[in-house]
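This report goes through one protein chain, from single residues to the whole fold. Please keep the sequence and the model open while reading.

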Amino acid sequence: MQVFGTESVGVEMDTGEKRLNELGYKQELRREMTLFKTMAITFSSMAVFTGTPLYGASLRYAGPASLIWGWVVVTFFTWFVGIAMAEICSSFPTTGSLYFWAAHLAGHRWGPFASWCCAWLETIGLISGMGAQAFSGSQALQFIILLATGNNTGGGYLASKGVFLGMYMGLIIIWAVLNTFALQLIAFLSIISVWWQVIGGLVVIIMLPLVAQPTQPASYVFTHFETAPESTGVSSKPYAVILSVLLSNYCLYGYDTAAHLTEETKGADRTGPIAILSSIGIISFFGWAYNLALTFSIQDPNYLYDPNNETGGGLVPAQIIYDAFNRRYQNATGAVVFMCIIWGSFFFCGLSVTASAARVVYALSRDKGIPFSPIWRKIHPEYKVPRNAVWLCAIISMLLGLPILKLDVIFTAIISISTIGWVGGYAIPIFARLVMDEKNFKPGPFYLGRARRPVCLVAFLWICYTCSAFLLPTLYPITWNNFNYAPVALGLVLSLVMLWWVLDARKWFKGPVRNIDVNDDI
């Protein structure tokens, strides 16, 4: 395996820009991002506390052992996906990233179709990912207000569905406004995000078990397995484990954000792969530690889901944190502070996901892959950001949240759509890299060599498993109130996309469109 050579390069042109020109694109976005700033935005897109809304359900399905060890298993396979993507990113440092990779790796015959599928999966995943973070942030804010005003048993205020929807849309609007300014603003906020999540994460991870006395024994955390068929309807132990591990599947992706920023990053053929792999390593460690801190700090497992408890059984981590502080100090001040730290994580994550989504839409519109492409590919003359693409993503993600007013399971559908679209988009370029002739691949500084086939095979199979798991029903018996709408919603959207391809798009969509003349040998 060849990793990041030290050869000297000319100062006249950035290595990432040089490779971009070789691939047929001129530099349009402002290339001023450093490795740390790119890694900061990527880290923010993954976030330490992302799994907070899913923690309670995962714990209930199969107990703490499945949740804790499931994270380790998912981390192991995530490394295969990350390494495969890092190699491709090193060779193709473009904003279009996944769908651009798919087009070039699949060859002239299959490239346009592979690019079309990948682009739409990626777009669906990222825009719904904005919705997932907005929902998570709104839920965290809802319980911050509840605990700050007296809790569920003390007359506290629990936001209604209408107010919740207002929070949801307010967050998305704030993210869109901030993303209409220069990317340096997002980079600066993402640096704050890194320290917020690292320092805040350490505070929560270390302090919560110290405050929560007594804590659960290690035997409970690492070995206790228990299903709950009376509340979930799931009696099959393997099925319960699969549902329990969805928490980890959901948390451990988003590292492709570094690839979306490569046209704005210095030396992107090197810094892109480093940012991808570094973010996986950091989030894997902090995420597992956070789950451990929560699980050790549980005071009464049966009380967590009681609709009459202080949080109304609505957010298990909030109840765990409240129980710890209330038992120790007889007040909820510490719990409110900790929930604010968690809310900040969702805010910064959504901000970064919005930046990624806008750049995917911009890249796809630059290649004339979506309706009214000339509008969405416009770059703001001063800030050099795709402002129209930002607001398109914001409007669609706000529309996704409208069912909040009527459906209780909308979050399950949104995260399922986000994960399947986002992670599913990884599968296409990785599969193309797996089966392509090696002589047609021009490696970048990060190159797997002979290891690419086993790495890509494991990565592809793991992605297929992950996407399949998010299509499963999560509660039984299935009713209109607990039905996982993701298969229906995805099936409808993807059917329309495929119909468009068959009837029209295949005649004119050829994948990434070069905007400078270059040699065909890339």
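Trp120 lies in helix α5; helices (H or I, at least four residues) and strands (E, at least two) are DSSP runs, numbered from the N terminus. At 15% relative accessibility, Trp120 counts as buried. Here buried means under 20% relative accessible area, exposed over 50%, and partly exposed in between, with a 1.4 Å probe and protein chains only.

Leaving aside residues up to four places away in sequence, Trp120 touches Gly369, Ile370, Val497 and Trp500, where contact means heavy atoms within 4.5 Å. The C-alpha atoms of Trp120 and Met498 are separated by 9.9 Å, although these two residues are 378 apart along the chain.

## Basis of the model

This is a predicted model, in which local features need pLDDT of at least 70 and side-chain atom pairs count only at pLDDT 80 or more, while totals for chains, interfaces and linings use all residues. Residues are numbered from 1 along each chain as its sequence is written, and side-chain values use heavy atoms, with hydrogens and water left out.

## The chain as a whole

The protein chain holds 20 helices and two strands. Of its 522 residues, 59% are buried. Among contacts between residues at least 6 apart in sequence, 83% join residues at least 24 apart.

The accessible surface of the chain is about 19900 Å², and carbon and sulfur atoms account for 66% of that surface. Accessible areas come from the Shrake-Rupley method with a 1.4 Å probe; for residues, only the protein chains shown count as cover.

## Helices α5 and α18

Helix α5 covers residues 107–148 and helix α18 covers residues 410–435. Their axes come within 7 Å and cross at roughly 145 degrees; axes are lines fitted to C-alpha atoms, for helices over the stretch in contact, and angles run from 0 to 180 degrees between N-to-C directions. The crossing of α5 and α18 is left-handed, a term used if the near helix is turned anticlockwise from the far one by less than a right angle, with clockwise giving right-handed. By class, the contact of α5 with α18 has 16 nonpolar, nine polar and one charged residues. Ala, Val, Leu, Ile, Met, Phe, Trp, Tyr, Cys and Pro count as nonpolar, Asp, Glu, Lys and Arg as charged, and the others, Gly among them, as polar.

Helix α18 is mostly covered, with 22 of its 26 residues buried. From first C-alpha to last, α18 reaches 38 Å, close to the 38 Å expected at 1.5 Å a residue; the expected span is 1.5 Å times one less than the number of residues.

Ten of the 14 residues are buried, so α14 is largely enclosed by the rest of the structure. Among the buried residues are Val316, Ile320, Tyr322, Asp323 and Phe325.

Just after α14, Gln330 takes a positive phi of about 60 degrees. Gln330 sits in the loop between α14 and α15 (333–366) and, at 58% relative accessibility, counts as exposed.

Asn151 is not a glycine, yet has a positive phi of about 70 degrees. Its place is the loop between α5 and α6 (161–179), and Asn151 is buried, with a relative accessible area of 10%.

The peptide bond from Gln213 to Pro214 is cis, with omega near 0 degrees; Pro214 is in the loop between α7 (183–211) and α8 (218–223). The bond from Tyr476 to Pro477 is also cis, with omega near -10 degrees, and Pro477 is in the loop between α19 (452–469) and α20 (486–503).

## Phe470 and Leu471

Phe470 is buried, with a relative accessible area of 2%, whereas Leu471 is partly exposed at 39%.

Beyond four places in sequence, Phe470 touches residues including Leu246, Tyr250, Ile415, Thr419 and Asn484. The C-alpha atoms of Phe470 and Thr419 are separated by 7.6 Å. The C-alpha atoms of Leu471 and Leu490, 19 residues apart along the chain, are separated by 9.7 Å.
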